[in-house]
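This briefing concerns the fold of one chain and the interface it forms with a second. Please consult the sequence and structure shown here.

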Amino acid sequence: MLLIKCPYCEEERPELEFRNAGEAHLVRAASIVEQSDDDFAAFLYFRQNPKGLQFERWRHIHGCGRFFNAVRDSVSDKFLTVYKADEPRPNVEQLIVRPAASAESTEEPDAKRAPRAKKAEV
Amino acid sequence: MRKYSVFALAREALRAHKGWEQQWTSPEPKAEYDVIIVGAGGHGLATAYYLAKEHGITNVAVLEKGWLGGGNTGRNTTIIRSNYLYDESAGIYEHAVKLWEGLSQDLNYNVMYSARGVMMLAHNIHDVQVFKRHIHANRLNGIDNEWLTPEQVKEFCPPINLSADARYPIIGAALQRRGGTARHDAVAWGYARAAADRGVHIIQNCEVTGIRRAPNGAVIGVDTNRGPINAKKVGVVAAGHTSVIMNMAGVRMPLESYPLQALVSEPVKPLIPCVIMSNTVHAYISQSDKGEMVIGAGTDQYTSYSQTGGLHIINHTLDAICEMFPVLTRLKMLRSWGGIVDVTPDRSPILAKTPVPGLYVNCGWGTGGFKATPGSGNVFAHTIARDEPHRINAPFTIERFTTGRLIDEAAAAAVAH
């Protein structure tokens, strides 16, 4: 079970109190009538689904009831940060603590993958 | 390849079993193939097998980043059924069940298909209405499905709890007698052996890191951790990692990848004679031939590639199992695991050409792809070989999410997702 920090309640609570609400920062067009079918499908159905860092929405449904956003690594399930719904998308590059160049880090073709969170320190 | 038979068994019994040959070889990748399949799970291997068997295309490589059948093929709960509501779904899943019925003979490999019946329990009026609608729809499509009264449920599956005091009492069930289970590993191995025998190269520990394209956009091959491999046709059958692979070709998919967990108990004597599914309490259970209770849970609520999920999910499933089968309350669970399932918005798969010439995709099977393995491989091989879909998979396009012509099993399928 994930332990999730609600940015409104400002404390970590178990995942059971929260409802995941999918990819964050999807913006509904001001006028969907004028939008092309392709653009509307992209908004409605097509998702980034990255292996690595992703922006996602959560709702603290059994707590304050409010929506907020989070940055989570979809491989380790580790949260990098949470932020309120009206706050801008954080700069992921600043959140990642890059490990010193090692054999392991050069192995991954970084450019082709979504960025990853730093591995948990042992 | 030497055929498996009772005579082969007798011969090897006399030779201390020293004459069995390797089921498939592990060749070095060639510089070029006619077709590359990305992913050596059941669906990918079946695709390669039918390409070779039915379309005469044997210059095929199946690339697998891990080991053969190590993804969702080896992680599912092995349930087979075709009692889907919509005509399109009935078409593809029934195509698969018909192939399951003769698969062991076709592959010369015992995939242990066991038509022990899949029984879906109804706990409330809504379930009754939905299942009866399914039964009628299925029978119109020539698919067996029948309604059982509570007494018939008890007769078909004696250990079930019919008590009216249950939190969710059982007031009937839909039964597909041709549904059942098969040995999931044997399916991957059987297809691998039969495909390799026809000249298909199965290359494990070979991860695709890029899709190479000509200036006009057409596919010309893939980059892998073992160097570039050329092919004018690439079929992506990568389950939970489909979005990652398709992103290499710049194609965004209507997919999200979720962890789905399952667990097995310690082995016990034969107790549960069929597959039991319950939508309302959300659990499904069957007993393997080894004696383990094989139990499936729902997906976790968040997307992930971690192949693991929360303990509260399987705990919730076991609550439901113990409610239905009080006799199982003291059974020890041996192990649990997770797989990453690629889920589409309408919960129906995508087997289609893509906007990129030469790139084909077979994905979106979500929480229920194992049952479709033979049918999926069969029509996907047709799609790749002829560069046009088979009649059965023609509706399962990516474009349906733009046109709105969904195959909306999300609401209609007999199980919760």
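The points below cover conventions, chain A, and the interface of chain B and chain A.

This is a predicted model, in which local features need pLDDT of at least 70 and side-chain atom pairs count only at pLDDT 80 or more, while totals for chains, interfaces and linings use all residues. Residues are numbered from 1 along each chain as its sequence is written, and chains are lettered from A in the order in which they are written.

**Chain A**

- Chain A contains six strands and three helices, arranged along the sequence as β-β-β-α-β-β-β-α-α; helices (H or I, at least four residues) and strands (E, at least two) are DSSP runs, numbered from the N terminus.
- Chain A has 122 residues, and 32% of them count as buried, meaning under 20% relative accessible area (1.4 Å probe, protein chains only).
- Among contacts in chain A with a separation of 6 or more, 50% join residues 24 or more positions apart; contact means heavy atoms within 4.5 Å.

**Interface of chain B and chain A**

- At this interface, 28 residues of chain A are in contact with 27 residues of chain B.
- The buried area is about 2300 Å², with carbon and sulfur atoms giving 50%; this is the accessible area (1.4 Å probe) that two parts lose on being put together, summed over both.
- On the side of chain B that touches chain A, the elements giving two or more residues are α7 (242–248), β13 (256–265), α8 (311–324) and α10 (400–403) of chain B.
- Zero salt bridges are counted between chain B and chain A, a salt bridge being a side-chain nitrogen of Lys or Arg within 4 Å of a carboxyl oxygen of Asp or Glu.

Technical notes
Heavy atoms only, no water. Buried < 20%, exposed > 50% of the residue type's maximum accessible area, 1.4 Å probe, protein only.
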